[in-house]
Amino acid sequence: MIAMDIDGRRVVTEEGRTLLDAAREAGIDIPTLCHHEALEPFGGCRLCVVEAAPADSRGPAELVISCLAPARDGLVVRTASERVKEARRTVLDLLLARCPTSDVIRRLAAEHGVPRTSFPESTDGSKCILCMLCERVCAKIGAHAIGGAGKSRGKRIAAPFDLAAEDCIGCLACARICPTGHIGYEETDDERKIWGRTFRMVKCEVTGRPLMTEEQRSFEAKRAGLPEDWFTKCPESKRRETAETIAKAFEEVR
Amino acid sequence: MSEPAIVIDAKRVSDLLDRLPAGEASALPEALRAAQAAFRHVPREVAAAVARRLSVPASRVFGLATFHGEFSLFPKGEVVLKVCTGAACHGRGAPTLLDELLSKLGIASGGTTKDLKFTVETTNCVGACAMAPVVSVNGELRGNAEPSAMAKELLGGRS
Ligand code: SF4
Ligand code: FES
């Protein structure tokens with residue numbers, strides 16, 4: 001068991017948790033951009049910065065990245081001290097210079113007291129903050145279809161050789177996880193377009209609603225060792241069917 | 001004049017692939033280095049074949065190929081000239097040298113001539129300041145000369 005002081009509150013957590021985990025479990029909010037519960041901590045955006053000091057320390061507290069910093073017994077953590085706020089403003093100042101056209105970043109920056117950036121603004125119109133959530137979620141799913149390309153100021157997210165992403169299954173996980181909406185896609189009931197590819201949708205055989213792309217179905221079926229026709233109904237239809245089966249069973253018993 | 005091209009024949013590709021340990025993702029940098037050496041760039045079809053051979057996602061191959069300066073997606077010239085832009089070289093005429101190379105070849109910095117003979121790039125200090133201005137010629141350092149004369153010599157008979 002680990003006991004810490006976060007913002008003057010006693011927070012108990014377990015070995016292996018991060019400061020961010022512990023704070024959130026205690027209902028203390030720390031802003032993040034590159035963090036996602038389903039993925040490994042990444043430490044890319046630096047927005048989750050907090051101040052932490054061992055209880056017995058006579059030196060100054062250190063600024064640490066809460067999504068990476070492990071919880072340790074006796075730590076005194078401050079998530080909203082002046083110093084933390086200042087560090088966070090610097091991070092947002094930089095992000096705003098990187099993505100001046102992103103509403104999400106603009107709003108976030110404004111909320112933290114950064115109405116405009118003090119750095120030269122990027123002019124490429126990109127809304128990508130290089131949080132790598134898209135690459136990481138794509139890898140987690142197992143498709144590995146897209147990823148970072150280039151380096152330094154030229155770094156960007158791309159499909160291999162900037163062509164149609166061959167390994168893409170059209171699941172939209174990247175577009176949905178992207179905090180700034182940088183990844184564009186088009187969707188109708190019949191098809192989905194993303195990363196230079198056009199995917200046909202599989203429809204729920206009960207409601208006729210689009211379920212997933214054909215490629216997604218093959219991918220999921222293969223991974224789970226299931227036949228492709230396993231995925232024929234949307235979750236709602238499945239639930240309704242289950243409910244009906246149960247209701248019928250009750251009637252028979254009665 | 002016929003279009004210059006770097007031939008990516010199946011034999012050379014399969015030779016390259018055969019030397020790679022199948023399914024060994026850690027051999028990726030080595031594979032790209034071999035491709036760059038054989039074809040003076042990392043051709044798309046070779047990258048795809050390398051990805052399959054090493055069981056590495058194409059996205060990772062592309063990521064690495066675009067990350068390291070030693071790899072290029074477009075063919076480099078037979079001779080790659082890297083002009084050092086460190087302080088000592090700058091002071092001893094590197095800008096003049098670079099300008100002359102570029103204007104004689106009619107390319108921009110980082111560019112390659114149409115006939116694929118020359119590529120001209122700049123590099124940060126190579127640590128050979130005593131022989132400024134320094135140019136790396138396919139990896140070999142040259143220097144210690146008057147910039148214009150050097151430019152002329154580096155390009156051989158070409159003007
Ligand atoms: S495209 Fe979106 S999810 Fe991907 S790195 Fe950029 S901001 Fe993050
Ligand atoms: S959430 Fe911690 S660095 Fe991005």
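Helices in this briefing are DSSP runs of at least four residues, numbered from the N terminus. By that convention, A:Lys238 belongs to helix H7 of chain A, which covers residues 235-253. The structure is a predicted model.

**Architecture of chain B**

- Chain B contains seven helices and four strands.
- Read from the N terminus, the order of these elements is α-α-α-α-β-α-α-β-β-β-α.
- A box of roughly 50 × 40 × 20 Å, taken along the principal axes, holds the C-alpha atoms of chain B.
- Chain B has 159 residues, and 42% of them count as buried.
- Among contacts in chain B with a separation of 6 or more, 65% are made by residues 24 or more positions apart.

**Surface and charge of chain B**

- The accessible surface of chain B amounts to about 8200 Å², and carbon and sulfur atoms contribute 53% of that area.

- Over all chains, the count of aromatic pairs is one.
- That pair consists of A:Phe161 and B:Phe62, with 5.0 Å from centre to centre and 40° between the planes, and it is classed as tilted.
- The tilted class follows because planes under 30 degrees apart would count as stacked and planes over 60 as edge-to-face.
- The pair joins two chains, because A:Phe161 lies in the loop between strand E7 (156-158) and helix H5 (173-177) of chain A, whereas B:Phe62 lies in helix H4 (residues 58-67) of chain B.
- A:Phe161 has 17% relative accessibility and therefore counts as buried, the limit being under 20%.
- B:Phe62 is likewise buried, at 2% relative accessibility.

- The C-alpha atoms of A:Lys238 and A:Phe42 are separated by 36 Å, and the two residues are 196 residues apart along the chain.
- B:Ser72 occupies the loop between H4 and strand E1 (79-84) of chain B.
- With 10% relative accessibility, B:Ser72 counts as buried.
- Leaving aside residues up to four places away in sequence, B:Ser72 touches B:Gln36, B:His41 and B:Val42.

**Backbone features**

- Most residues other than glycine have a negative phi, and most peptide bonds are trans.
- The peptide bond from B:Ala132 to B:Pro133 is cis, with omega near -5°.
- B:Pro133 is placed in the loop between strand E2 (118-123) and strand E3 (135-137) of chain B.
- A:Met132, a residue other than glycine, has a positive phi near 65°.
- The position of A:Met132 is the loop between helix H3 (103-111) and helix H4 (133-141) of chain A, and its relative accessible area of 7% makes A:Met132 buried.
- A:Leu172 also has a positive phi, near 70°.
- A:Leu172 lies in the loop between E7 and H5 of chain A, and at 1% relative accessibility A:Leu172 counts as buried.

Definitions and conventions. Residues are numbered from 1 along each chain as its sequence is written. Chains are lettered from A and ligands numbered from 1 in the order in which they are written. This is a predicted model: local features need pLDDT of at least 70, side-chain atom pairs count only at pLDDT 80 or more; totals for chains, interfaces and linings use all residues. Side-chain values use heavy atoms; hydrogens and water are left out. Buried means under 20% relative accessible area, exposed over 50%, partly exposed in between (1.4 Å probe, protein chains only). Contact means heavy atoms within 4.5 Å. Accessible areas come from the Shrake-Rupley method with a 1.4 Å probe; for residues, only the protein chains shown count as cover. Rings of Phe, Tyr and Trp (its six-membered ring) pair if their centres lie within 6.5 Å; planes under 30 degrees apart count as stacked, over 60 as edge-to-face and the rest as tilted.
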